[in-house]
Amino acid sequence: MSEFEFGLIVAGNAFHRWVVHCMAAAGLRDLTPLDVLVLHHVTHRARDKRLADICFIMNIEDTHVVNYSLKKLQALGVVQASKSGKEVTYAPTQAGHDYVQRYRAIREACLIDALHADADLNRDIGELARLLRMLSGMYDQAARAAASM
């Protein structure tokens, strides 16, 4: 597990560096990795999202951290908030949607094309994703157990 955890740390840092540089190449600079990921999630599936939904899907307990990113993204004009009664939802602006589309094009050119994935590699990546989701659940359970000690 120590080897896995070290690999996860290194891969996580590389992934965070990648999303920040990719979004900067798309024209949106000075974002944290979380800001980029929140913008992507808000844009995902063209449905307005509540703060609680964003935190749940991203497995983030500290809603204030995501709320800070949402405020920052609103100030940049890439996310907008709407209120319906007591419910606040977030959606991308046209500018936010355009940045995400440019990000996707850059991702395709710099990452996906370089991967040269065939059927075997796609299967392995899918299996790795399944394993990461399973381990995420195990780490969440272990965190609950540790918190109750």
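Helices (H or I, at least four residues) and strands (E, at least two) are DSSP runs, numbered from the N terminus. With that in hand, let us walk through this predicted model, in which local features need pLDDT of at least 70, side-chain atom pairs count only at pLDDT 80 or more, and totals for chains, interfaces and linings use all residues. Residues are numbered from 1 along each chain as its sequence is written, and side-chain values use heavy atoms, leaving out hydrogens and water.

The protein has six helices and three strands, and from the N terminus on they run α-α-β-α-α-β-β-α-α. Taken along the principal axes, the C-alpha atoms fill a box of roughly 45 × 45 × 25 Å.

Let us turn to a pair of helices. The axes of α2 (residues 33-43) and α3 (residues 51-58) come within 11 Å and cross at roughly 110°, the axes being lines fitted to C-alpha atoms over the stretch in contact, with angles running from 0 to 180 degrees between N-to-C directions. That makes α2 roughly perpendicular to α3, a label that covers 65 to 115 degrees.

Now for the surface. L8, L128, L131, L132, M134 and M138 form a nonpolar patch with about 510 Å² of accessible area together, by the Shrake-Rupley method with a 1.4 Å probe. Helix α6 (residues 119-147) gives the largest share, five residues.

L132 lies in helix α6. L132 counts as partly exposed because its relative accessibility is 36%, between buried (under 20%) and exposed (over 50%).

How values were computed: Patches are made of residues with over 30% relative accessible area and no salt bridge: like charges are joined within 9 Å, nonpolar side chains (Val, Leu, Ile, Met, Phe, Trp, Tyr) within 5 Å. A salt bridge is a side-chain nitrogen of Lys or Arg within 4 Å of a carboxyl oxygen of Asp or Glu. Buried means under 20% relative accessible area, exposed over 50%, partly exposed in between (1.4 Å probe, protein chains only). Angles under 35 degrees count as roughly parallel, over 145 as roughly antiparallel, 65 to 115 as roughly perpendicular and the rest as oblique.
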